[in-house]
Amino acid sequence: RRRPGRAGIGRAASGGAPAPEEEEEEEEGCSQLYPGHIPTSPLQKALLAAGSAAMALCDPYRHDMVAVLGETTGCLALPNLRDKMKHHPEGYRILQERPRIRLSTLDMARLRGLPDGTLGREYVRFLEDNKVSPDTRMPPKFVDDEELAYVIQRYREVHDLMHTLLGMPTNMLGEVVVKWFEAVQTGLPMCVLGAAFGPVRLSARKLQVLATELVPWAVRSGRNASCILNVYYEQRWEQPVESLREEIGIFPPP
Amino acid sequence: AAGHCPYRALLARRGGALRALCGSLRGLAAGPETHFGFQTVTEAERREKIYQVFESVAKKYDIMNDSMTLGIHRVWKDILVHKMNPSPGTLLLDVAGGTGDIAFRFINYVRSVRERQLQRKLRHHQNLSWQEIAASYQEDKSKSLGDSQVVVCDINKEMLKVGKQKAQHLGYSEGLSWVLGNAEELPFDDDKFDVYTIAFGIRNVTRIDLALQEAYRVLKPGGRFLCLEFSQVNNSLLSRLYDLYSFQVIPVLGEVIAGDWKSYQYLVESIRRFPPQEEFKAMIEDAGFFKVDYQNLNSGIVAIHSGFKL
């Protein structure tokens, strides 16, 4: 299954020469599966999961801890997601071609030039309004399978597109709603924990809106929608957001 | 994972010959081979990597020390300074002293010794005249440290920066100076210092023999060399627990607290690479020191080596 010539995820994007990567792999033995991979024992994974969960709760600005939590607890959900992708024609193509969503691969000018209401235009609008960039996603470190590492990387990069499709901003409320949707869609324990603990820091009024309108809608949409990782977003920039929502099965936002 | 190893080993062997050739070519350019944790690198690469490790950990250095050793590192450093037993007027060089832990303890120690000296002097002043007593007050007030001085020398700018900020925050200013310098080539004249300390630093020096020679050079005759460093555990059960803790827990702490697994992986590997007590003692003797001895703390998790320049 592990093709020898392949240096794993990010090879096309990083454009790095195989030789240094191979050297690093040799030095660390047979266990480094992709650049940035840190092999860990089950005990280390357990400690990391506990530690990152605690740290993420104490310091919500530690996004790297949320990422680590996702990686160390995703051992059941990630293969599940990968299989869903494999059994879907578009998802299978994504697994083969391994596209990456980054500023260097996106043609921002072209996307900005698209008509209003298209995925590309709304995505760029979302990035600019919320002042975020697709390049701030952490690369995976603790996933012990190169393909699953790509799956979690894809999930992270698609997160901003989720915001766009769900029409949710990047404030605490918006993030929690997206986490509920993702929790239903992916089953990743990190999403479930984020969805459950995120609301802790919200005001009573926001909690009410969350509980009565937003979460039920997010859960319904999540259940109804097909797997969001099975959509080749990079080939659908021109598609109107509403049409894409309908196609996937996301109900219109309240 | 085991199933894939033979294939990779094949690749490695084919690549290995080429690598060895490249390695020797690189060696001609960048210096002989040495270790960085469990990896093999050139000396130049090692210096660069270690600089980056400490640049990266500087801000969380103290928090990490407390977490990893559960605060016990403070006791080890206290023991070092007590063993030193500096008297007022001592000139200390603390190499790889980065965030100032030894320097601050030195200042505290000398200050309290000085205070006791002054109290004793006062008791003996009962039968002096008022003018004589007033005169001696003036003299003593200006010398709360009694002319003791500590120079903190470190190769890493970030560590020094953190140290200076700490000093300011804790109110240390008198008798303290900060110098950017390399332990293998100290920017000081011969025969300058009364005591030379290096705490948890010599492990990171690429040419330990050069650092020891430099230590000998800058010490005054009669001066003392003191080194506090991780060493080899002499108890086999404790050794296994220690290994388990080091390799399983410490890199995790590094990732969770400092967001930096690799630096702490390096740290635990570098401890294993450092020569054991007797071997290090021999190296110190080779540099010219006499009456070289060591004291194990916590069954050898840490050891203090001491030597004199005569």
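In chain A, 70% of the contacts with a separation of 6 or more are between residues 24 or more positions apart, contact here being heavy atoms within 4.5 Å. For chain B, the share of contacts joining residues at least 24 apart is 75%, again among those between residues at least 6 apart in sequence. The model is predicted, so local features need pLDDT of at least 70 and side-chain atom pairs count only at pLDDT 80 or more, while totals for chains, interfaces and linings use all residues. Residues are numbered from 1 along each chain as its sequence is written, chains are lettered from A and ligands numbered from 1 in the order in which they are written, and side-chain values use heavy atoms, with hydrogens and water left out.

On secondary structure, chain A has 13 helices and zero strands, whereas chain B has eleven helices and nine strands. Both element types are DSSP runs numbered from the N terminus (helices: H or I, at least four residues; strands: E, at least two). As for burial, 50% of the 254 residues of chain A are buried, and 48% of the 310 residues in chain B are. The labels go by relative accessible area with a 1.4 Å probe and protein chains only: buried is under 20%, exposed is over 50%, and partly exposed lies in between. The accessible surface is about 11700 Å² for chain A, 57% of it from carbon and sulfur atoms; chain B exposes about 15500 Å², with 55% from those atoms. These areas come from the Shrake-Rupley method with a 1.4 Å probe, and for residues only the protein chains shown count as cover.

Helix α9 of chain A (residues 146-166) is mostly covered, with 21 of its 21 residues buried. A kink of about 40° is centred on A:His159, the bend being the angle between axes fitted to the seven residues ending there and the seven starting there.

Out on the surface, A:Val200 sits in the loop between α11 (189-197) and α12 (204-224) and is exposed because its relative accessible area is 62%. Further along, A:Glu213 lies in helix α12 of chain A and is partly exposed at 44% relative accessibility. Beyond its neighbours within four places in sequence, A:Glu213 touches A:Gln208 and A:Pro254.
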